[in-house]
Amino acid sequence: KYIDTPIKRFSSGMKVRLGFAVAAFLEPEILIVDEVLAVGDAEFQKKAIGKMQDVSKGDGRTVLFVSHNMGSVQNLCNRAMLLTNGKVEYVNKVESVIQTYLSIKDNEKQIDTSNRKGLGFAKIENIEIYGSNKNSTAQTGQDLNIVFKISHKAKINFSKLRIDFRIDDGMGQRIAWFSNSLINQEKPASYNQIKFVIPKLPLNVGTYYMTVQLLSEHGVLDWIQNVKSFYVTEGDFFNTGKSILNQQSKISIDFTIKYS
C-alpha cells in the first residue's frame, strides 16, 4: 500500500524492507545482508529468514549474513567469521565461533547494579557464568556453572546467609528458581563465593536474565533485578545428534552447591 509513497518519507524500517526486497529480487550470486532483522516486525523477519534460506539452500547462492543475533546466525549459517574492530579474528564452524564470541562478551560484561536494593551488610560483587569449563559458554545439555562472589562490611552469620536467584526468559517469565536453602548441606563458617552447578542444562536456545538476592535473619541484604544476562547455545540434550530448538516447556532442574 506504500508503493506510491516517495522514499524520502519512508521510515528507516521501510527503507530496509525495500532494500532487502530489491536485493532478493535481483538474484545476485552473493547476497550481503547486514542486520536486516534488527528492524521490522515479526512478519517481516519471518519472511526475510525464509527468503535467505531459499536463496542459500534452494538456489545454491551465497548469503553473507551479518548480525549480533546469535540465534539467527546459528539457524541460518553453516560457517562463521568473527570480526573485532573490522579485522578478522576467527573463522570456523558456526558453533565454535559463537562460543568464542559469547565468551568474549561475557568477560566484558559487569553485573548491572542499577536495580539494587537491600540493607547492604553483604553484597553480590560479581557473577561468573560459564559452561562445562571456564572457556566455554552455556549450552543445552552441558553443565552450567554460576559463581557468586560475595563481600560483606559487617560480621554476619554465614550459617543463616541465604542466596536465591531466578532465571527469566526474554519475555520476563520465570523459568527456574534456585536457593542454597533447598539443599540440606552444612555451610562453612565463612566463605567469599558460592557456586551453583546445574548438570545437563535443560534450557533451550536464547537469552536469559538473572535476578538475585541475599537474605539473613535481619532481612534482605542485597537484591538486584536483571543483574546479568547470558545466552544459551544449541546443544544435543538427548545425545541423539539432534537439538531441542523450539521445544521449551516447564522444567525441573537439579543442581549442586560448592562453597569457598
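Residues are numbered from 1 along each chain as its sequence is written. In this predicted model, local features need pLDDT of at least 70 and side-chain atom pairs count only at pLDDT 80 or more, while totals for chains, interfaces and linings use all residues, and side-chain values use heavy atoms, with hydrogens and water left out.

Strands (E, at least two residues) and helices (H or I, at least four) are DSSP runs numbered from the N terminus. Strand E11 (residues 206-216) is largely enclosed by the rest of the structure, because 9 of its 11 residues are buried; buried means under 20% relative accessible area with a 1.4 Å probe, protein chains only. Two strands pair if DSSP finds at least two bridges between them. The pairings of E11 are set out below.

E11 and E12 form a hairpin, with 2 residues between them.

**Nonpolar cores**

A nonpolar core is a set of buried Ala, Val, Leu, Ile, Met, Phe, Trp, Tyr and Cys residues joined through side-chain atoms within 4.5 Å. The largest such core has 37 residues, of which Phe148 and Phe230 touch the most other members. Among the elements that give two or more residues to this core are E8, E11 and E12, and E12 gives the most, with 5 residues. Leaving aside residues up to four places away in sequence, Phe148 touches residues including Ile124, Ile163, Phe165, Phe196, Met210 and Val212; contact here means heavy atoms within 4.5 Å. A second, separate core of 21 residues includes Leu37, Met52, Met70 and Ile98.

**The largest pocket**

The largest pocket holds about 790 Å³ of space. On a 1 Å grid over the protein atoms alone, a pocket is an open set of points where a 1.4 Å probe fits, with protein on both sides within 12 Å along at least five of seven lines, and lining residues have an atom within 4 Å of a point. Of the 25 lining residues, Phe65, Val66, Cys77, Ala80 and Met81 are the closest to the pocket centre. Helix H2 (42-58), strand E2 (62-66), helix H3 (70-76), strand E3 (80-84) and helix H4 (94-108) each give two or more residues to the lining. The largest share, 5 residues, comes from E2.

Technical notes:
Grid points are joined across faces, edges and corners, and a volume is the space filled by probe spheres set on the points. Buried means under 20% relative accessible area, exposed over 50%, partly exposed in between (1.4 Å probe, protein chains only).
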